[in-house]
Amino acid sequence: MIIILSADSSESEIKEIINILNTYDINIQRFDYREKSILIIFPDKNIKKDISFLNRNKSIEKIINTEKPYYLVTRKNKNKNSVITLNDINIGGDNLSLIAGPCSVESKNQIKEIAYFLKEQNVKILRGGIFKPRTSPYNFQGLGMKGLHYLKEASEETGLKIITEVLQTEEIENLKDIIDIYQIGTRNMYNYPLLKAVGRTDKPILLKRALSATIDEWLLAAEYIMLEGNPNIILCERGIRTFNNHMRNTLDISAIPYIKSISHLPIITDPSHATGNYKFVPSLSKASVAAGADGLMIEIHPRPDESISDSGQALSFSDFTKLKSMLIFLYKNINKK
Ligand code: PEP
Ligand code: MN
């Protein structure tokens with residue numbers, strides 16, 4: 001942090017500010033340049049100290065924040081890439097993780113048909129929403145607990161791991177014995193009580209980026225989870241809202257290398273919700289892998305036209321099979337030493 005003192009501040013006012021700062025256990029360096037004094041502050045790990053009240057001090061012209069407001073999720077805390085493990089499955093590190101499944105669990109037959117297909121494809125993680133956060137209250141809201149039992153059967157029969165979205169804190173307990181990864185959806189990235197609650201569980205969390213979240217806000221949401229004791233976080237870029245309207249959202253590919261440069265957490269993308277259109281899912285999946293993503297979450301359906309939710313973006317089994325081979329090929333070649 002850099003504090004620029006006003007040109008008319010007196011020596012005693014400057015000393016007073018330094019005295020206040022000294023009570024915060026931070027390192028301060030003072031530079032006097034022409035008529036102004038500048039204080040450079042090195043808070044190290046002391047990011048919890050909020051000294052923004054100094055903005056009100058008449059002797060201060062400007063405070064410039066140079067430090068990131070989070071620490072646990074950064075490479076300063078841990079330089080090595082985090083790898084999230086689920087038995088023999090590794091997410092992050094030297095792996096391309098594929099998560100696939102329907103937008104919503106619609107029936108026992110539907111989820112089993114998809115689970116058996118994914119098993120055959122050697123995809124290890126099955127997605128399927130049971131509590132659906134739909135923009136319109138008139139749209140299908142998910143099968144709820146009935147859907148959970150269908151997911152359980154599909155997982156028991158195929159050995160696939162299950163990820164599903166948790167919408168509210170009270171649902172965490174109900175899902176605990178059945179699912180393997182809790183998904184925090186885009187609408188809930190700012191739901192701090194929910195973030196804290198999943199932070200107190202011992203399961204991995206897939207944290208989607210909110211529709212309009214900056215990278216700092218997204219990483220702060222991850223920091224909330226980690227601060228509660230759960231370090232197993234997978235970030236998921238699923239498209240943000242911009243002035244573009246040619247697709248449902250804008251997949252922020254730039255987030256991938258940037259996040260990788262400052263954070264040790266794995267990052268995957270969700271090109272299905274980003275595009276809203278099955279035709280564009282392959283290109284953005286390939287772009288994600290090329291940009292360094294650790295994996296993808298893709299919506300599929302045995303008969304996309306019949307999908308109750310997000311029908312327009314679901315890949316058919318044959319389209320998914322083709323895309324999967326291409327992504328594996330791309331990943332291997334990009335990472336060739
Ligand atoms: C989903 O993955 O089912 C979903 C609702 O996604 P998002 O939170 O990204 O809209
Ligand atoms: Mn969906």
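Residues are numbered from 1 along each chain as its sequence is written, and chains are lettered from A and ligands numbered from 1 in the order in which they are written. Because the model is predicted, local features need pLDDT of at least 70 and side-chain atom pairs count only at pLDDT 80 or more, while totals for chains, interfaces and linings use all residues; side-chain values use heavy atoms, with hydrogens and water left out.

Helices and strands are taken as DSSP runs numbered from the N terminus, a helix being H or I over at least four residues and a strand being E over at least two. Two strands are said to pair if DSSP finds at least two bridges between them. Strands of a sheet pair through backbone hydrogen bonds, either parallel or antiparallel.

One sheet is open and has 4 strands in the order β2-β3-β1-β4, with antiparallel pairing. Strands β2 (27-33) and β4 (60-64) stand at the edges with a single partner strand each, so one side of each is left without a neighbour in the sheet. From one strand to the next, the twist averages 15 degrees. Angles run from 0 to 180 degrees between N-to-C directions, and axes are lines fitted to C-alpha atoms, for helices over the stretch in contact. Strand β1 (residues 2-5) is joined to β4 by 4 bridges in the antiparallel sense, and I3 stands opposite I63 in β4.

Helix α1 (residues 11-22) lies across β1, β2, β3 (36-42) and β4, and runs at about 160 degrees to β2. Contact here means heavy atoms within 4.5 Å. Residue I17 lies in helix α1 and is buried, with a relative accessible area of 1%. The term buried stands for under 20% relative accessible area, exposed for over 50%, and partly exposed for values in between (1.4 Å probe, protein chains only). Leaving aside neighbours within four places in sequence, I17 is in contact with L5, L39, N57, S59 and I60. The C-alpha atoms of I17 and E120 are separated by 66 Å, and these residues are 103 apart along the chain.

In the other sheet described here, 8 strands close into a barrel in the order β7-β8-β9-β10-β11-β12-β13-β14, with parallel pairing. Neighbouring strands of this sheet are turned by 25 degrees against each other on average, direction ignored. Strand β7 (residues 97-101) is joined to the parallel strand β8 (residues 125-127) by 2 bridges. β7 also pairs with β14, in the parallel sense, over 5 bridges. Residue I99 stands opposite I125 in β8 and opposite M297 in β14, while A100 stands opposite L126 in β8.

Strand β7 is mostly covered, with 5 of its 5 residues buried. S97, I99 and G101 point one way from β7, and L98 and A100 point the other way. Helix α9 (residues 281-290) lies across β13 (267-269) and β14, and runs at about 165 degrees to β14. In the loop between α2 (108-120) and β8 is Q121, a buried residue with a relative accessible area of 10%. Q121 touches T321 and K324, not counting residues up to four places away in sequence.

The residues around ligand 1 (those with a heavy atom within 4 Å of the molecule) include R127, K132, E165, K208 and H273. Polar contacts are pairs of N or O atoms within 3.5 Å; within protein, one atom must be able to donate a hydrogen and the other to accept it, and residues adjacent in sequence count only if both atoms are side-chain atoms. A polar side-chain atom of Q183 lies 2.9 Å from an oxygen atom of ligand 1. For T186, a backbone N or O atom lies 2.8 Å from an oxygen atom of the ligand. An N or O atom in the side chain of R238 is 2.6 Å from an oxygen atom of ligand 1.

The manganese ion (ligand 2) is coordinated at 2.0 to 2.3 Å by C103 (SG), H273 (NE2), E299 (OE) and D310 (OD). Donors are N, O and S atoms within 2.8 Å of the metal (3.2 Å for Na, K and Ca); water is not among the atoms, so sites may look incomplete. Along the chain, the donors follow the spacing C-x169-H-x25-E-x10-D. H273 lies in helix α8 (residues 271-275) and D310 in the loop between β14 (295-299) and α10 (317-334), so the pair ties together parts that are 37 residues apart in sequence. H273 is buried at a relative accessible area of 10%, and D310 also counts as buried, at 17% relative accessibility.
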